Amino acid sequence: MFTKTNPVRERRTYNPTLDFQNFGLKEKDLSTVFSAGEIMGVGSTTLSEIIIHLKQIYCDSTGIEYMYIRNPKKVDWIQKRLNINTNHPKFSADQKKHILSKLNQAVSFENFLHTKFVGQKRFSLEGGESLIPAIDSIIELAAEKGVEEFVMGMAHRGRLNTLINIFGKSARDIFNEFQGKDYDEEVLFDGDVKYHMGWTCERKTGSGKKINLNIAPNPSHLETVGAIVQGITRAKQDDNFSGDSSKVLPIIVHGDAAIAGQGLPYEIVQMAGLKGYKTGGTIHIVVNNQIGFTTNYLDARTSTYCTDVGKVTLCPIFHINADDVEAVIHATLFALEYRMEFNQDVFIDLLGYRKYGHNEGDEPRFTQPKLYKDIAKHKNPNQIYSEILLTEGVIDQDHLSKIEKEYKEMLNKAFEDSSKVKETIVTDFMADEWKDFERADKEIMSKEVKTKVAISDLELVANAVTTIPKGKKFLKKIQKLIGDRRSMFFERDKIDWAMGEMLAYGSLLMQGFNVRISGQDVERGTFSHRHAILKSEESEEEVILLKNIDSEIKGNFSIYNSLLSEYGVLGFDYGYAMASPKTLIIWEAQFGDFSNGAQIILDQYISAAEDKWKLQNGIVLFLPHGYEGQGAEHSSARMERYLQLCAEDNMIVANCTTPSNLFHLLRRQTIVNYRKPLIVFTPKSLLRHPLAVSKKDDFTKGKFELLIPDKEVLPDKSKTLVFCSGKFYYDLIKAREEKNRMDVAIVRVEQIFPLPKDQINDQLSLYSKTKDIVWAQEEPKNMGALSYLLLHFEKAAAFRLVSRPFSDSPASGSSVRFQKRHDKVIEKVFRKN
């Protein structure tokens, strides 16, 4: 609270102050010798010397919060480090020159853009340029400590500067993007603004070590990329380094208003120590402008500091004056050492300012006239540091002029070269991970894929998941459940939903694919159907039967109950899938409706990332859906919202009705050499429905059925042809039997997007004499697939459309009212013409 960390504003006044009089001491005590204790390392000395020593450590350009940490080992480690050189760096002349070089690059690049692209948005780093030497120093030291890959996420401010001066992106390419040239016409994607694009590169450190750098693509939705970064990092640790977190370092750069105002940082912080999501600690750097778009920091948070979210998990937090670049480097290296030592997050609050408005065309003096009068007169960090080094004799004016001239010449040449380039080329993000995959259009997606499995392989999986280890005691209910699964496969040949799932995962594991499932309560399953992890009754030892498959080739199976988060966890799993395309990644919502807590991930990544950033992704969403009288939030997975996002070839949406079709769908998703997000509306009541079962032949001889015809009603006997999807099918066939209406054919549309138009047309041709064609759904008219069908299938306009009336709420809270409404919809389907 008493540091010199604010470069452009007076610090807020805190009382009581640290004046010695406030501690019962007097002027005469200044010359008295006191024993200062071992922590400070000064032994016995006068009070005046003790005060000087304390001010040097705690009241200069760096402040650190750590006394709330409950681990004495961590506190002791920090205290010892603080007392080395009184918390001040001792850099060599060469190190200082390197720092100056990076600072010069940061400042010169912004100045160049300001003169060449007047008024264009670039979200300048000016006022926080010390970020560049800070990140550079982290990378250099981390590489010496064995880190081989870096995964970085940051919003738009300073991103272009980071891309050119840290990641080595060509200045020519950046200038090319500023000039607004179109993308290569052969590339079928829309692209995005220049400060959202991702980048991957290999870089050599100063000592010659090769490292891999990744900066994830991000939308304008601040903080979203943080969850993506965590997932990418964990995937790289798992796939490339056998889970060794010391090899991959995540770095997230925040804005002060965003980290304080958005909820996602809290979710990410809470993930940091969880077995399914931990990455061994993240370096969080806040580029603190002390302002949001126009909002002053006093209106942007209640907490004292924007970084107070870090205290939730007792992380150390550094507050640094961004004008003091040596203090910035010192603190960031301190933070890195802590992360590598304790595998924990650490926060760096880089307190600077924003030279211009939120973007370069904005006028900040409308809302902060006094502050921006001071900023206009303020020297930039490069000027400040240059003067210090000139005074110290580390450099002379010739050296300063030389590095400024060389960098500006490079920028000028790149600017000239950019005028010769006709189009913008977008480099693929993490291309090495995706070298075995191709982008797919609708034609490729429509090709049939062989997904059946040999009976011998299926039996190996079935045997593993229906055999309880000997010598371990489990609940009788578990013993019965596993026994029933064994019976349904080896005796009754009636395989239910959960067993179908297990067979899908096991068959993929036998082909060497990994499987990762994550979400709320997924280990057992919200509806107690999955039981992927069994727990012994006495010790609660965990047993994963899928790991017991007797096969030479075996992928890794992992399943994790998540924290009670949708936004953060889905973002994490999406990031994981981004970096691990050979892993089947499934995120399951507790109920489908709860996925709207992750709407930003759905809108900005899942539906649009391939079109914006050329990113494929095979994430699978399991969204429990079905109307069974459980109320507004436990009925609908909001199918209509996903279908509204569907366009061209951006994803796959399915609503399966049999265990075998889910089996083939998941296998198709994993076996093909392209990746698309897959949205699956999964059942609740069908998990135990006696008719929702499959035979072994369906797995060993079948395939994924885009549409399942009616095998009971022949075309010449049909008076009504009904198309429907999902669980509602079973309600309709029950009603058909009760009403003895075997003149009503009921066809199931299993894949909703891309819509199987050819198969639907085939059914219409087959039932060409049937005049009453119906689309039936249990959802209200403004929900479900109805509107989508009308947009994507012109003939649907002539269908008789049966649904509940328009409704603002998905379902009634009364089970009695629900049943009345549900019965009405069914009656309409079977009405006599």
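A: Q368 is buried in this predicted model, because its relative accessible area is 4% and anything under 20% counts as buried. Its place is in the loop between strand β10 (346-351) and helix α12 (369-377). Leaving out residues up to four places away in sequence, Q368 touches I291, T294, T295 and N296.

Let's step back to the whole protein. Of its 833 residues, 59% count as buried, as Q368 does. The secondary structure comes to 28 helices and 24 strands. Along the principal axes, the C-alpha atoms fill a box of roughly 105 × 70 × 50 Å. A compact globule with 833 residues would have a radius of gyration near 28 Å, and the 31 Å of this protein agrees with that. Among contacts with a separation of 6 or more, 80% are between residues 24 or more positions apart. The accessible surface is about 35,400 Å², and 49% of that surface belongs to carbon and sulfur atoms.

Now for the inside. In soluble globular proteins, nonpolar side chains tend to be buried together. Here the largest nonpolar core has 74 residues, and L621 and F723 touch the most other members. Helix α19 (residues 567-579) gives the largest share of this core, with nine residues. Apart from it lies another core of 67 residues, including A106, L131, I283 and F318. As for F723, its contacts beyond the neighbours within four places in sequence are L707, V747, V749, I760, Q763, L764, I773, V774, W775, A776 and F799.

β16 and β18 belong to an open sheet of seven strands, with the order β14-β11-β15-β16-β18-β17-β22 and mixed pairing. The edges are β14 (557-561) and β22 (751-753), and each has a single partner strand, so one side of each is left without a neighbour in the sheet. On average, neighbouring strands of this sheet are turned by 20° against each other, direction ignored.

β14 is mostly covered, with four of its five residues buried. Its pairing with strand β11 (residues 514-519) is parallel and has five bridges, and V515 stands opposite F557 in β14.

Strand β23 (residues 772-780) runs parallel to β24, with four bridges joining them. P780 has R804 as its bridge partner in β24. Strand β24 (residues 800-804) has four of its five residues buried, so it is largely enclosed by the rest of the structure.

Conventions. Residues are numbered from 1 along each chain as its sequence is written. Side-chain values use heavy atoms; hydrogens and water are left out. A nonpolar core is a set of buried Ala, Val, Leu, Ile, Met, Phe, Trp, Tyr and Cys residues joined through side-chain atoms within 4.5 Å. Buried means under 20% relative accessible area, exposed over 50%, partly exposed in between (1.4 Å probe, protein chains only). Helices (H or I, at least four residues) and strands (E, at least two) are DSSP runs, numbered from the N terminus. Contact means heavy atoms within 4.5 Å. Two strands pair if DSSP finds at least two bridges between them. Axes are lines fitted to C-alpha atoms, for helices over the stretch in contact, and angles run from 0 to 180 degrees between N-to-C directions. The radius of gyration is taken over C-alpha atoms; the globule rule is 2.2 Å times the number of residues to the power 0.38. Accessible areas come from the Shrake-Rupley method with a 1.4 Å probe; for residues, only the protein chains shown count as cover.
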